[in-house]
Amino acid sequence: MAFTACSGSRAVSAQNDPWAVLRRPGSFALIRHATAPGTNDPSGFRLEDCTTQRNLSAEGRAQSVRIGDLFRTNGIAAAEVYSSQWCRCLDTATLMKLGEIRPQQLLKSYFQDRSREATQIEALRQWIGQLELAKPTVFVTHQVVVTALSQIFPGSGEIVAMQRGPDGRLSVQGRLPTA
């Protein structure tokens, strides 16, 4: 059965199916962590102490499970999973149950210190350029990181399908709204 979705007045064919893209080598999913109420971490938060951070709500935890189910329903039962070290990202990745989670500092938020953006995103692009990307790969991160790489402002739990071209350039191949 071919995948068809409407994007405005334009139909998306099976060739442009974001799930098909994510099953191809050289592709990866950028996922904004699931629903965590609020907009910023409290002052004085610490990465090593989840009680000091914004965390997933009950809906965010259920959403994370549904995201993992979506991957499995669409032919991706396991993936290389990298996550920001923030608890809401690690919890999203854990609840998706797609594989071992590797914390990656380049996926961390810089929302409270925008002066880090250019350096961090350039280092992240270089790191992605060196990854094998032979198997399905997932990055669980924050809105600012997803937006910097894709120019998309994602909703909580939204999946952005990305492709690394032969020249190393990253391009958006589709988006899958929150689950």
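## Helix packing and a disulfide in a predicted model

In this predicted model, helix α2 (residues 58-73) and helix α3 (residues 87-96) approach until their axes come within 7 Å, crossing at roughly 45 degrees. The crossing of α2 and α3 is right-handed.

Which residues of α2 and α3 make the contact? The table lists them by helix.

| Helix | Residues in the contact |
|---|---|
| α2 | Arg 61, Ser 64, Val 65, Ile 67, Gly 68, Phe 71, Arg 72 |
| α3 | Thr 92, Leu 95, Met 96 |

By class, the contact of α2 with α3 holds five nonpolar, three polar and two charged residues. Arg 61 and Arg 72 of α2 are the charged ones.

How many disulfides does a search of the whole structure find? It finds one. This disulfide joins Cys 50 to Cys 87, with an S to S distance of 1.9 Å. The link of Cys 50 and Cys 87 is left-handed, with -80 degrees about the S-S bond. Cys 50 lies in the loop between β3 (27-32) and α2, while Cys 87 sits in helix α3. The pair is 37 residues apart and links distant parts of the chain.

Now the confidence. The chain averages a pLDDT of 89, and 91% of the residues score at least 70. Over residues 1-14, however, the pLDDT is below 50. Beyond near neighbours in sequence, this stretch has 14 contacts in the model. Where pLDDT is low, predicted coordinates should not be read in detail.

Methods:
Residues numbered from 1 in each chain as written. Predicted model: local features only at pLDDT ≥ 70, side-chain atom pairs only at ≥ 80, totals over all residues. Heavy atoms only, no water. pLDDT = per-residue confidence, 0-100. Contact = heavy atoms within 4.5 Å. Axes fitted to C-alpha atoms, helices over the stretch in contact; angles between N-to-C directions. Helix = DSSP H or I, 4+ residues; strand = E, 2+ residues; numbered from the N terminus. Left-handed = near helix turned anticlockwise from the far one by under 90°. Disulfide = S-S within 2.5 Å.
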